[in-house]
Every structure is written in C-alpha cells, then in structure tokens.
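Please walk through the model below with the sequence at hand.

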Amino acid sequence: MHGLVPYLYIAPAFAVTIVFSFVSMGISFWASLHHYDAFAGAAEFAGLGNYRRALFADDSYFWLSLKNTAIYSAMSVVGVLLTALPLAILCQKARRYQALFRTLYFLPSITPGVVLALVFYHIFGVWGQLLDNAWTSLPALALLGVWSGAGYNMVIFLAGLTEIPRDFYEAAEIDGAGRWHQFRHITIPLLRNTLVFVMVMTIISSFQVFTSVYIMTQGGPERSTEVIAYTIFINAFAVAGQMGYASALAWLLFAVVFVFVFIQMRVFRSRRIYDE
Amino acid sequence: MRSTRIPLALLGLLVLVAVLLRAGLTRAFVDDLFSNEIPRPIQLRVWDWWSPAGNEEYGQYFDAIEKTFEAQNPDIDIVYQIVPFGNYVQKLSTALVGSTPPDVFQSSVYWAEGFHQRGMLRPLDDLLALNAAAPPPERVTEEMFLPSAWQHNQAADGTVFGVPQIIDAQCLLWNLDILAEAAAADEEIRALFARHEDGSIDYQHLRFDAVTDWEHFRRITRKLTRRAADGTVEQAGFVINAYGGGAGMFSPWLAANGGRYQDAAGTRALFGEAAGIEAMRFMGRLYWQDKVCPPFRRQISDSELFQERKVACMVAGTWSGKDIIRNTLGWDHFAKTAFPPGPQGTGQKTVTWGNMLVVTRRCENVEAAWRYIQFVCSLEGNMLRSKILGYNGPRRDFYDTEQWQKAMAERPYLSNVKQICLVGDKLRHTEIIAVNHQVNPVIETLLLRFPEIEAGTGPHASVSAALKEAERNANGVFRRYNEQVARWLAAREQN
C-alpha cells in the first residue's frame, strides 16, 4: 500500500495532463485524418488527404507560412541570445538595484500579448511604418517577440550564471585571461545547458507565434507575416468544416518543431566540462 | 463547541455555493430575488453583438425594445445576451450543440447562409405565410422590404431563414466643406450640388447621380487634391486603404462596372472577369497615376483622415454619419452618393447587405420568437432603431414616415440613403472569411505594387493574371465548402 502513495499524489496532475494534453492530441490526430466539423459533428474519413492538400495543393499556404515562421524563429533566437545574455551579465555585475533591473526587464514577459501587440502597433506606425512594408513587417514582429521574451530569458541566464563557480574566473584571471577569454572559455561552455534550454524554448514559442500577427498584421502585407499558427487558426475557426485540415497543419508543425529540437539537442548535447 | 463549528461552517459554505450556482452570478437572478413582479411563463433568449459596452445607445435601444415588447406581450420575458462579433460563430455554434442555445439572434450576412446550410436555423416560410394577412405596418413579408434588403435571407431554393432588421450599403462620402470651397471657382464641381427651387445652389445636398462615370470621378478627385510644394498630398481627393480595406472597396466599384463577385449559388467566383479587371485598374490608377490619395498607411484609417478633413471623398457605409458627428463633436457637412458607373456599368451602383433576425432550430417557443421578430422588424421596430440608433430601415414604408422626413431635414446627409440602398447588388455571401483569406492579399499586392505589375515586372504577370489566380483560389474555397454542405445534408438525412 505504501508503494502506491507517491502515485496517488501525482495521479491528479497526471490525469489532467492525460486528458488535456494527450487525449486532445489524439483527438486532433484523429481529426487530421477526417473531414471534420467540430460543431456539426459529421466526419468522413479522409486518410492522408488533409496532409496531401497541405503539402501539395496550389492554394495551400503551408510552405509559405512555414518559411515565414522559420525566418521569424531565426530572428527571435538570435535576437533573444543577443539581448538576454548581455542583459543577464550586466544585471549580475550590478551591485545596486539588481532586483529592480530584474523586475523591470521581466515585466514585458508578464504583460498580456494583446496589450503589447496593440502598443507596438502604434509604436511601429509612428516610427516609420514598419508594418506597411513586406520586407520590414516580419522583422518588426520579431523585434516585439524579442523585446517581450528578453526579460524572461535573462532571468534564466542569470540563474545559469550564478551557478558558475567564481573560482574558475579567479584562476583564469591569475593565468592572465582577459574578459573576452573568460567569457569565451568559461561562461559560454558552462552555460551550455542553459543556452540549449533557452534556444529550445525560444524556437518552440516562436513557432507558435500568433497574437502579434493576429492583432497587428493579419498575415499581411502581401502574406509576408502569414505564420503557420495564423494559417491554422483561420482554417480551424473561420472556415466551415476545415478543422481536419487545420489539425493536419498542426501536426505538420509539430513534426517540424520536433525535428528542429531533436537536431538541436543532438548538436548541443550536454557534456561534462572542465571537471574530469 | 469546536466539534460543531466545523460542520456548521461547511454547511454554510455548501449553502453559499448552492446559491451562487443557482444564481449563475447573474444580475437577473438578484433582480428576481427582490422583484415583486409575477414571473412570466416564457423566457425568450435573444443574442446580439450590438454591445452597450461599446456604445451606450445600444443599451437604450434594447431597453426600449424590451419595455415596449414586454408591455404588448405580458407572457414573454426577453433575456438579452451580448456576444462579441468576433466570437459570434464559435459561441453560437457551441451553444447550438449545448444546452442553452438562443431562441432568436441577430445574424450577420457573413454567417447566415452558413448557419442555414448547417441546419441550425428554422425556416420561416410557414410563419411568413401566416403573417401575410397582418396589417401593413406589422407585416414582415417580402413586399414590405426594399428588394436590396431581401437578398441575403434566403437560400438558393427560396427557403427564407431570416427577416432583415437593418440595411447597410457602401457609399461614397463627400466632404461638403471641401466641395463648396472648390465649387466657388469650378463649374464642374458646382454642378455636383443639388439646386433649390429658385435655382440657387443647395450646399447641403449632392445630387444622387452627381458623378456621372469613372472618368468624371477621376477628374473631380484630381481637382480636389491639393499638393504642397514638394509634391506631397496635403488634401486628398480620395482615399484608398490597401491593407485589407482595399479589398472591401473593390466590391462596390466592381458592382458599378456591371460585375459580380460570385454567382448566386456560391459555386463560382466572377470577379476576375473583364469588369473586375477594369475596376482593379481604375483603383490602381487613382492612386498611382492620378495620385489623388494619401500614402497607403496601415495604422491610419480612411475615416480618421476624413474626420480630420484631409480627404474630400472616402468609401463608407450608409450607417456612418452618426459616428462621424460624434467623433468630430458635431460636424455634419458631408453627403453620400452611390458609386458612378464604370465603362461596363449601367447606372449608379453599390453593394448592400441586410443583417437579419433568425430563429434557431432548437428554439423551444417558436410562436414567442416569431412575435419578437414581427415586432422588431415591424414599422414600429424600424422607427425605434431610427430614433435611438439613427439607422435607416430596410422597410419601404419606413421612408414614407414623418419621422424619416424630419430626420432628413435635420441631417441632410441622409437624403440619398434610400436611393443608395435601392441600387445595391448583393454583397458576396458564401464563406466570406475564407474567401477573403484567399483574395484580399492578392488585391493588397495589386494596389501596393500596381506600377510593377502593369509593367510586367511585379509578383504577378498582370492584373488579369493576379485576379484569375485569386479567382481560382476562391473557387477552391467554394468547392470545398459545397462538399462540406453535402456532408452536412447527408448527416442530417441519416439522423
């Protein structure tokens, strides 16, 4: 009986996860194989028809939206790394008001996406019509994504930085290593796991970008910001009887993100560093 | 002592939870609790998106309808539920398969045909037949409505599923201050105005057919455009919004050129034919060749520019006057006309739509629901909407009332509204959101990159090729939608 107690403790959370994650994923996969209308309830087996349509039909925007999403994701990852890590290092070095800086930078992460999107919609309008041009609209959205995600990732980096023993830096300093070499040979290698975590989470969240597109551009101009989550939304909720097709798009998105993350995990696989 | 406290506290908590659950935390329940009124036997659930939260006049309107209707029908209690327009379809579809569907709701033309094809609406033909003998002001049959209002409420087989409660039309909205100033030195602009009986110019009214054709429109907008020394437009003759809005503007220009967006059965797009290509090139030339428009800006709406008096003419709706007066703190020196005919058009035209009241298939008291619809869509209901909301009505007899004549005298911009509504073609109606998703980005590209496309160096080989591609994609939407309709029908027959 005692052996069962831990399982009983985790049972409620496990049940919630099963019902709201895995069962709904299963329903979504089943829907992707059918012509499915969520409200009318009628369903007809479509086999791989929805996947075929997403991948090969002339009027499918899967590839275009995947390309836009990938570009957005690349800009987000680079942007987050170039802002969150320096911010974390600066924050760590701040002797006074560190908590204040942490709070200020973290604030955008807890501000609702709709509010941020509305504020930036007007900022971009005043600053030179970034959303009016097909070349600048996607980078503008990525800028918003980086700005709103930098604070959260800064906190993660900050936690990683405080885990690095001071002895390493002191020893390096005695050996004559400058700031750059310390950063290159101590900070970066010992932050590897944090870096991988931040990159994986940024890729996953950027592949799901939706709110800013929906509020600010509706996929335009000229489909330059039509990302995959927006395409899924339009088909699922604005077009009658296309829930199956939208589910197929969602599963294709899952496959792409899975492959990306898998490759990334293999490339940046965790290694033991400097303690052998 | 302590042993009794806990069970008592738990019991108290249980009672509180039960009361809250029963109440549904609604104001209606609290009101009922302290009300002396005898409960009415029929509760009629009515859904709408006209929200008092966004415009207090809607609150006044619903209060007036409820008060008048309930006084005339003591057995019915109306319960309004306001649902945001953006969530309407999802919430309604969920409610209709759930346990508390509305009995009656206002349906936009965007969704009405789809709701009918899904089998969610009750056909109204039998009720309309019974209503045919009612006195004219209470009659809600076809002959009581403007033909352009009675277009969206029936299926291809003639089944009527809704009764129009409003009529909307797109129109050209003119700034009369700008026109009057230009008229002082220009006979052609002076000729746009109506005349008083003594022959003098009536600067409050434009003639309904003031603009004779597209070339005339181009000339006038060129004359009304004022540029600074560096060439930037200080006062625009016309405004086109390329970002999504341009696609909406395409429909009335297409209608004015004798074209149709789609066929009546919803099986084929038609906007890529000669009339559509001409309409698209006309819009492109206004912006790029005639340069009568302010630069394309996503963040600045046409109406903002118009209200700032920076634009002489814009595309608006027949309903828009009251909003402009409110936003400009009282400025009402503007007028409305329909769209002048293009080379293939035969007269002034526009597109119209009439949002309607419908009864759900699961309505528990059809007779009460029908009484409500008859009241709201009667002459009395139209007059209430006009009085409180400033809306014109879809009924013919509405325009003969003293109230409407008085409204036109007080607000001269209403003078052409009936004629504009009368020349309206049916707005596109099949799977509008999905069709927009396919077509609007193409129109956006055509407007933004018109010179490149005309020169053959743009992302499309020509205007014609772009519209043909959009048409093909729209046809794909129609084909899939009709397949889905067949599946719904098959499922209903099985049940």
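Helices (H or I, at least four residues) and strands (E, at least two) are taken as DSSP runs and numbered from the N terminus. By that scheme, Gln374(B) belongs to helix H14 (residues 366–376) of chain B. This is a predicted model, in which local features need pLDDT of at least 70 and side-chain atom pairs count only at pLDDT 80 or more, while totals for chains, interfaces and linings use all residues. Residues are numbered from 1 along each chain as its sequence is written, chains are lettered from A and ligands numbered from 1 in the order in which they are written, and side-chain values use heavy atoms, with hydrogens and water left out.

Contact here means heavy atoms within 4.5 Å. Leaving aside residues up to four places away in sequence, Gln374(B) touches Asn131(B) and Val140(B). With Asn131(B), the side chain of Gln374(B) makes a polar contact of 2.6 Å. A polar contact is a pair of N or O atoms within 3.5 Å; within protein, one must be able to donate a hydrogen and the other to accept it, and residues adjacent in sequence count only if both atoms are side-chain atoms.

The next topic is the interior. In soluble globular proteins, nonpolar side chains tend to be buried together. A nonpolar core is a set of buried Ala, Val, Leu, Ile, Met, Phe, Trp, Tyr and Cys residues joined through side-chain atoms within 4.5 Å. Buried means under 20% relative accessible area, exposed over 50%, and partly exposed in between (1.4 Å probe, protein chains only). The largest nonpolar core has 82 residues, and those with the most contacts inside it are Trp174(B), Phe217(B), Phe238(B), Ile240(B), Trp253(B) and Phe271(B). Another core, of 62 residues, lies apart from it and includes Leu44(B), Phe115(B), Trp370(B) and Val376(B).

Charged pairs come next. Side chains of opposite charge can pair when their charged atoms come close. A salt bridge is a side-chain nitrogen of Lys or Arg within 4 Å of a carboxyl oxygen of Asp or Glu. Over all chains, the structure holds 29 salt bridges. One of them joins Arg190(B) and Glu187(B), with the closest N and O atoms 2.7 Å apart. Both residues lie in helix H8 (residues 187–190) of chain B, three residues apart, about one turn of the helix. Arg190(B) is partly exposed because its relative accessible area is 21%, and Glu187(B) is also partly exposed, at 46%.

How accessible is Arg395(B)? Arg395(B) is at 0% relative accessibility and therefore counts as buried. Its salt-bridge partner is Asp397(B), the closest N and O atoms being 3.0 Å apart. Asp397(B) counts as buried too, at 16% relative accessibility. Elsewhere, salt bridges that share partners join Asp186(B), Glu188(B), Arg219(B) and Lys223(B) into one network.

Between chain B and chain A, the count is five salt bridges. Arg297(B) pairs with Asp132(A), the closest N and O atoms being 3.6 Å apart. This pair crosses from the loop between helix H11 (274–288) and helix H12 (302–307) of chain B to the loop between helix H5 (113–126) and helix H6 (137–163) of chain A. Asp132(A) counts as buried because its relative accessibility is 9%.

The interface can also be described as a whole. In total, 29 residues of chain B are in contact with 29 residues of chain A. Buried area is the accessible area (1.4 Å probe) that two parts lose on being put together, summed over both. The two chains bury about 2,700 Å² between them, 50% of it on carbon and sulfur atoms. In chain B, Arg298(B), Gln299(B) and His437(B) lose the most area to chain A, together 26% of what that side buries. Between the chains there are 14 residue pairs in polar contact, both residues at pLDDT 80 or more. Helix H4 (88–97), helix H18 (432–448) and helix H20 (463–494) of chain B are the elements that give two or more residues to the side touching chain A.

Some backbone features remain, in chain A. A cis peptide bond joins Gly220(A) and Pro221(A), with omega about -5°. Pro221(A) is in the loop between helix H10 (211–217) and helix H11 (228–238) of chain A. Glu222(A), in that loop between H10 and H11, has a positive phi of about 55° although it is not a glycine. Arg223(A) lies in the loop between H10 and H11 as well, and its phi is near 65°, a positive value in a residue other than glycine. Arg223(A) counts as buried, at 7% relative accessibility.
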